[in-house]
Amino acid sequence: MYQLSTLGFGPFFEEQLSRSEHPAGVPARIAGEHRGAYVVWSASGAGRAQLAGKLRTRLEGKGFPAVGDWVVLKDAPGPDRITIIDEVLERRTVFTRGAAGRLGRTQVVAANIDIVFAVCGLDADFNVRRIERYLARIWASGAQPAVILNKADLCENTAERMPEVESHCPMVPVYVTSALLSEGLAVIRASIREGLTAAFVGSSGAGKSTLINAFLGEERMPTGEVRARDGRGCHVTTHRQLACWPEAACSWTRRACGSCN
Ligand SMILES: Nc1nc2c(ncn2[C@@H]2O[C@H](COP(=O)(O)OP(=O)(O)OP(=O)(O)O)[C@@H](O)[C@H]2O)c(=O)[nH]1
Ligand SMILES: [Mg+2]
């Protein structure tokens, strides 16, 4: 069972539901995608869902729902059935990246995210230009950006790095953490109020999954070693999913891929 307001359902989506073709449908949020079906969370619980045939045809070429989208289901989801998605509600924010495909279309990475943290390691991963490129994409998404400089335990000049990043990223909060030692996390957690959705982006190996595990208080996301030479990871996380934080806020991690770095 989920409380819709905790999942981020507010007036923006309520109003769309009330004037939709399916006002009696069940609002739900896409929390993941698994074997061609969506994982959906609704007030009555979690389950799996797939697009109605008509909707699939309508969305062909325009893009299918992404993690974080709000949808309208025909029936309440349940553990023993696959329900039908009748409608996708308009997005408040949308985070994209250029797709690698021949047509060069942009790909929706996640929808309706409130805060996106650009994570950068304070090891060989450190690169202010890359942080700036991430911030440009975050601003364009409509979400609020923030920077996490992670792996502070490996850095001897954090005191210089922090103002360097702040001077290139005006108006953007910059946090320093060691996910490995669970340091610097409380202030970030406090910045994510109930009902907000946060996402973590950054190069492979920056420590996104380690951070999320530290926030969740359990080893939910697999993590991987980085190359000593350049601090690069090996793209361990290849999917996106929502997770509810113990205090209710939600987080998400994206597929880390070379073209996004
Ligand atoms: N020393 C140190 N190591 C860290 C810290 N955070 C993460 N690591 C290590 O960095 C490596 C990569 O961490 P991940 O969390 O897998 O990185 P990721 O950003 O999720 O990488 P992808 O899933 O490949 O995108 C792992 O070996 C972690 O243990 C930290 O604060 N300090
Ligand atoms: Mg990961």
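These numbered points go through the fold of the chain, from the whole to selected elements.

1. Basis. This is a predicted model, in which local features need pLDDT of at least 70, side-chain atom pairs count only at pLDDT 80 or more, and totals for chains, interfaces and linings use all residues. Residues are numbered from 1 along each chain as its sequence is written, while chains are lettered from A and ligands numbered from 1 in the order in which they are written.

2. Overall size. Along the principal axes, the C-alpha atoms fill a box of roughly 60 × 45 × 35 Å.

3. Domains. Domain 1 spans 11–88 and domain 2 spans 109–260; these bounds come from an automatic or database domain assignment. Their C-alpha centres lie 28 Å apart. Seven residues of domain 1 are in contact with ten residues of domain 2 (contact: C-beta atoms, placed from the backbone, within 7 Å). On the domain 1 side, four residues are nonpolar, two polar and one charged. Here Ala, Val, Leu, Ile, Met, Phe, Trp, Tyr, Cys and Pro count as nonpolar, Asp, Glu, Lys and Arg as charged, and the others, Gly among them, as polar.

4. Packing. Of the 261 residues, 40% count as buried (20 or more other C-beta atoms within 10 Å of the residue's own, with C-beta atoms placed from the backbone). Among contacts between residues at least 6 apart in sequence, 66% join residues at least 24 apart.

5. Secondary structure. The chain holds six helices and 13 strands. These are DSSP runs, numbered from the N terminus: helices are H or I with at least four residues, strands E with at least two.

6. Helix α6. This helix covers residues 208–216, and seven of its nine residues are buried, so α6 is largely enclosed by the rest of the structure. Among the buried ones are Lys-208, Leu-211 and Phe-215.

7. Strand β1 (residues 26–34) runs antiparallel to β2 (residues 37–42), with six bridges; pairing requires at least two DSSP bridges. Ile-30 faces Val-40 in β2. Two residues lie between the strands of this hairpin, where Arg-35 has a positive phi near 50 degrees. β2 also pairs with β3 (residues 45–51), antiparallel over five bridges. Trp-41 stands opposite Ala-46 in β3. The β2–β3 hairpin has two residues between its strands.

Methods: Two residues are in contact if their C-beta atoms, placed from the backbone, lie within 7 Å. A residue is buried if 20 or more other C-beta atoms lie within 10 Å of its own, exposed if 12 or fewer, and partly exposed in between; C-beta atoms are placed from the backbone.
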